[in-house]
Amino acid sequence: MEPSHDRLQPGEAKPIKDQRIWTREFVLVALTNLAAFIGFNMTTTGMPVYVATLGGSDFAVGLVTTLATGAALLVRPFAGIMLDRFGRKGILIVGGLIMAITTASYAVFPVVGFILALRAVQGIGWGLGSTATSTIAADAIPRGRFAEGMGYFALTSSVAVAIAP
């Protein structure tokens, strides 16, 4: 009896058409990324107005966005190391918790100086969380369809930027 050409031999890769992108893990991380980007972009667009209504100077209004972005940029190189050392999902949870706690704290502590500090901390959470979601997505996508899968994943960020403000 001849071997079936439909079955994979040991060590043989699946054909590209059989490599699924839309796995449970990929869908969950894409939805998580969408939600995180919506939340972050909502605070990013609303925060300057909020600081201005609290009596913040023009400098503070500009700094409120810069602090979050700068902190996220500074933490990203370390986030990659932390993802490998402590695990992707754990860092994602830590980043998400930091973002949630800081977001809730804006209403509890309506003081411009405190809000500026919170924005820097939120940027750290954002840097950790967004690096984790990208890494988890990259791990979940089959190698043969990596570019296609990352394109779908990146689309969640673009959709969030379009609808969040």
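Leaving aside its neighbours within four places in sequence, what is N41 in contact with? The partners are A160, V161 and A164, where contact means heavy atoms within 4.5 Å.

## The model and its overall layout

This is a predicted model: local features need pLDDT of at least 70, side-chain atom pairs count only at pLDDT 80 or more, and totals for chains, interfaces and linings use all residues. Residues are numbered from 1 along each chain as its sequence is written, and side-chain values use heavy atoms, with hydrogens and water left out.

The protein chain has 5 helices and 0 strands, so the pattern along the sequence reads α-α-α-α-α. Helices (H or I, at least four residues) and strands (E, at least two) are DSSP runs, numbered from the N terminus. Of the 165 residues in the protein chain, 36% are buried; that means under 20% relative accessible area, with exposed being over 50% and partly exposed in between (1.4 Å probe, protein chains only). As for who touches whom, take the contacts between residues at least 6 apart in sequence: 79% of them join residues at least 24 apart.

Two packed helices are described by the angle between their axes and the distance between the axes. Axes here are lines fitted to C-alpha atoms, for helices over the stretch in contact, and angles run from 0 to 180 degrees between N-to-C directions.

Helix α1 spans residues 24–53 and helix α2 spans residues 58–86; their axes come within 8 Å and cross at roughly 155 degrees. The crossing is right-handed, a label used if the near helix is turned clockwise from the far one by less than a right angle, with anticlockwise being left-handed.

On the α1 side, the contact is made by F40, T44, M47, P48, V51 and A52. From α2 come A60, V61, V64, T65 and A68. By class, that gives 9 nonpolar, 2 polar and no charged residues. Ala, Val, Leu, Ile, Met, Phe, Trp, Tyr, Cys and Pro count as nonpolar, Asp, Glu, Lys and Arg as charged, and the others, Gly among them, as polar.

## α1 against α5

Now for α1 and helix α5 (residues 146–163): their axes come within 8 Å and cross at roughly 25 degrees. This makes α1 roughly parallel to α5, and the crossing is right-handed. From α1, the residues involved are F26, V29, A30, N33, L34, F37, I38 and N41. They meet G149, Y152, F153, T156, S157, V159, A160, V161 and I163 in α5. The contact has 12 nonpolar, 5 polar and no charged residues.

N41, in helix α1, is buried, with a relative accessible area of 15%. T156, in helix α5, also counts as buried, at 13% relative accessibility. Not counting residues up to four places away in sequence, T156 touches A30, N33 and L34. T156 and F37 are 119 residues apart along the chain, yet their C-alpha atoms are separated by 8.2 Å.

## α4 against α5, and F153

The axes of α4 and α5 come within 10 Å and cross at roughly 145 degrees, again with a right-handed crossing. T133, S134, A137 and A138 of α4 make the contact with F146, M150 and F153 of α5. Those residues divide into 5 nonpolar, 2 polar and no charged.

F153 sits in helix α5 and counts as buried, at 3% relative accessibility. Leaving aside neighbours within four places in sequence, F153 is in contact with F26, V29, A30, N33, T133, S134 and A137. F153 and V29 are 124 residues apart in sequence and 8.6 Å apart in space, C-alpha to C-alpha.

## The nonpolar cores

A nonpolar core is a set of buried Ala, Val, Leu, Ile, Met, Phe, Trp, Tyr and Cys residues joined through side-chain atoms within 4.5 Å. Which members of the largest one touch the most other members? Of its 16 residues, they are F26, V29, I91, L128, A132, A137 and F153. The elements giving two or more residues to this core are α1, α2, α3 (88–108) and α4 (112–140), and α4 supplies the largest share, 5 residues.

A137 touches F26, V29 and F153, not counting residues up to four places away in sequence. There is also a second, separate core of 10 residues, including V61, V112, L116 and L118.

Notes
Parallel < 35°, antiparallel > 145°, perpendicular 65-115°, else oblique.
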